[in-house]
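Dear colleague,

Please find below the structure I am handing over to you, followed by a short account of what was found in it. I would be grateful if you could read the account alongside the coordinates.

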Amino acid sequence: TSGEGVLEVTAVGSKTVYGSMAGQLQEDTRESPLHVRLDALAGSISKLGMAAAILVAASDLFLCLIVQNGIQQGLASILQHILHAVTLAVTVLVVAVPEGLPMMITVVLSSNMLRMMRDHVLVRRLTGIETAGSMNLLFTDKTGTLTCGQMTAEAIFSGDGTRFDGMQTLHHRAPVLFAQIYADCRYNTGGTLSANGIAGGNATDRALLHAIAPFDTGQTQALSQRIPFDSSRKYAAVRLTTQMRTLVRGAPELLLPRCTQYLAPDGTVHAFASSALSHILAEQSASGGRLLAMAVTDQAVSETQLPHGMILTALLVLRDPLRRETSQAIHQLAQAGIRTVMLTGDHPDTARAIAKRCGIVSDAHPLVIDSRQLHSWSKQELIQQLPQLAVVARALPADKVRLIQAAQAAGLVAGMTGDGVNDAPALKLADIGFAMGSGTAVAKEAGDIVITDDNPASIAHAVLYGRTIFKSIRKFLVFQLTMNICAVGVSIAGPLIGIDTPVTVMQMLWINLIMDTLAGLAFSGEPPLQEYMREPPKRREEPVLNQYMKSQLLWTGSYTIALCIVFLRAAPLRRFFGYAADPIRFLTAFFALFIFCGIFNAYNARTHRLNILAHIWRDPLFLGIMTAVSVVQLGLIYYGGALFRTTPLPVYELCVAAGLALTVIPVDLLRKLWLRAAGRERNF
């Protein structure tokens, strides 16, 4: 902070640690599951739409040129018929291809993003919401995510096993031992303690500084060497210049075998064997305590080597309590088919105890390993062990990237939580990265979603919203493709049954507006239902159209086409609507029938339940838009005139047309009953 210094620069730019991370963050990641599914869907629908357009054009030309003998009316008439057929084909192509789907997806993602803010979930990349719903493996940090992130020094054990509950007790009963521990906590740290509070350092540094803060005298000592803590070497050290001794703090399994003496509570030094504290290590680790060993030596300590013959100062037990929501959140994720793997810097025994308490370690997933064991496995061995893996203890930042790569190679949709700069590459590489709100700006930039309250329950909320969004997309597609099938089927069949244009171009554009823009808005507000969290996650390559949807499209689409053809062809209906006297009145009734079939099919599409009004009051947007479409349709019937080829209908005729359209609901109810009897009622 003052004076002069010399800095030796050994690397700049992309050769530095941060430069390397920045390079990794610029690399392209694989496409989201939603993109993969929509690409496949777009290819299929485009081919079907093109085929439908060709069929409609061929059907119209057949009627005009062959049935009506238009081929003998001259070249000008033939060209006029061809132009008419091409116009119909283009119209059908516009209707058949769900060009409103991208808009609908953007709307549904955006609207749910606003809802998620209320549940402490900040979405940075919209596709990340749906990806969260497809996730089936989550790698999560322990500290600050599963736990409260407020570590406290609970107990201190001297080398002879004497226990002291807290620094206050130690200060009164063993002042010499306390002075040595105070020095280690005060100087062997990356944090600073001042009158303004505690700043800097990692969670362990801050916990220890907080423990000794009431006893701070404000005095400092000259330091000649500092070896900061690093997760790869698992220890930190600092040399006190005036006392010519080095304080070392680190993992017990690393320090205890190098200690030959210990400092007793009365200040005397005695011979020490590392096995003397083995029962305490086992007991505290099994109860979830994090253990730190402190030692002192007058020998040289380097970044690569610890000396033997050190004096053990004490064994400290730190505890970071689980969040009260953690166990329930892990249970929710497990119910949803999402397996959680905990990554921690703790000792394996400590990690196992905590993982058992929150439900991560189970009979189905019993495997607890450390970073060294992870490194000994090949990529193929790691993939084989993933189904049993529950905990990686003593984890290093590089382990996260390796685990993500292995999970993706195994065909899984992998999520990752993180808060530090070192976590950024793994957050970027993961299919869905959850950055913690208390984390670094680099981690938040790399993540797709920021959990603003660092709470695992919020991750479960993100999964629920992701699944709700995919459900909404599927419901929208069922509605839109049902209307597509009906519009294309009627356009093909109309000329063959003597109706030149059962649906005009203007009417088709209104139908298209309903199918795309208005329906997209209507289905964007579907409520998140907890039942979605009891379904298995979707495979990354799973088609958007599943068997349930195909059965609904085939059944309801076929019935709607049949209903429209019967309406157009049946003599009793023609007489009832006065076709002979006023064809426009009859075609207006058909236009009303077609639109009301679509509106009622929207209610069919929004739920797999027998009760089509289930949870309807939780979706006021759907009710509002469907009501608005109905009102506009009535306006077009009575005021559309020549532009929409409509004429005002008597109320009783309108009711008959609407009543016929209403039959799509009981017909679809029969399909649901049949699927329920066959045990395939759910739309997974």
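**Helix packing and one buried serine**

Helix 20 passes helix 26 in a right-handed crossing. Please note that the model is a predicted one. The axes of helix 20 (residues 547-569) and helix 26 (residues 664-677) cross at roughly 145 degrees and come within 10 Å. From helix 20, the contact is made by Tyr 548, Ser 551, Gln 552, Trp 555, Thr 556, Tyr 559 and Thr 560. Helix 26 contributes Val 664, Val 667, Asp 668, Leu 670, Arg 671, Lys 672 and Leu 675. Classified by type, the residues of this contact between helix 20 and helix 26 are 7 nonpolar, 4 polar and 3 charged.

A second pair consists of helix 7 (residues 175-187) and helix 8 (residues 203-212), which pack with their axes 9 Å apart, at an angle of about 130 degrees. Helix 7 is therefore oblique to helix 8, and the crossing of helix 7 past helix 8 is left-handed. Tyr 182, Cys 185 and Arg 186 of helix 7 meet Leu 208, Leu 209 and Ile 212 of helix 8 in this contact. Its residues comprise 5 nonpolar, no polar and 1 charged.

Finally, I draw your attention to Ser 285, which lies in helix 10 (residues 278-286). Ser 285 has a relative accessible area of 2% and is therefore buried. The side chains of Ser 285 and Thr 350 form a polar contact (3.4 Å). Neighbours within four places in sequence aside, Ser 285 is in contact with Leu 291, His 347, Asp 349, Thr 350 and Ala 353.

With kind regards

Terms used:
Residues are numbered from 1 along each chain as its sequence is written. This is a predicted model: local features need pLDDT of at least 70, side-chain atom pairs count only at pLDDT 80 or more; totals for chains, interfaces and linings use all residues. Side-chain values use heavy atoms; hydrogens and water are left out. Axes are lines fitted to C-alpha atoms, for helices over the stretch in contact, and angles run from 0 to 180 degrees between N-to-C directions. Helices (H or I, at least four residues) and strands (E, at least two) are DSSP runs, numbered from the N terminus. Angles under 35 degrees count as roughly parallel, over 145 as roughly antiparallel, 65 to 115 as roughly perpendicular and the rest as oblique. A crossing is left-handed if the near helix is turned anticlockwise from the far one by less than a right angle, and right-handed if clockwise. Contact means heavy atoms within 4.5 Å. Ala, Val, Leu, Ile, Met, Phe, Trp, Tyr, Cys and Pro count as nonpolar, Asp, Glu, Lys and Arg as charged, and the others, Gly among them, as polar. Buried means under 20% relative accessible area, exposed over 50%, partly exposed in between (1.4 Å probe, protein chains only). A polar contact is a pair of N or O atoms within 3.5 Å; within protein, one must be able to donate a hydrogen and the other to accept it, and residues adjacent in sequence count only if both atoms are side-chain atoms.
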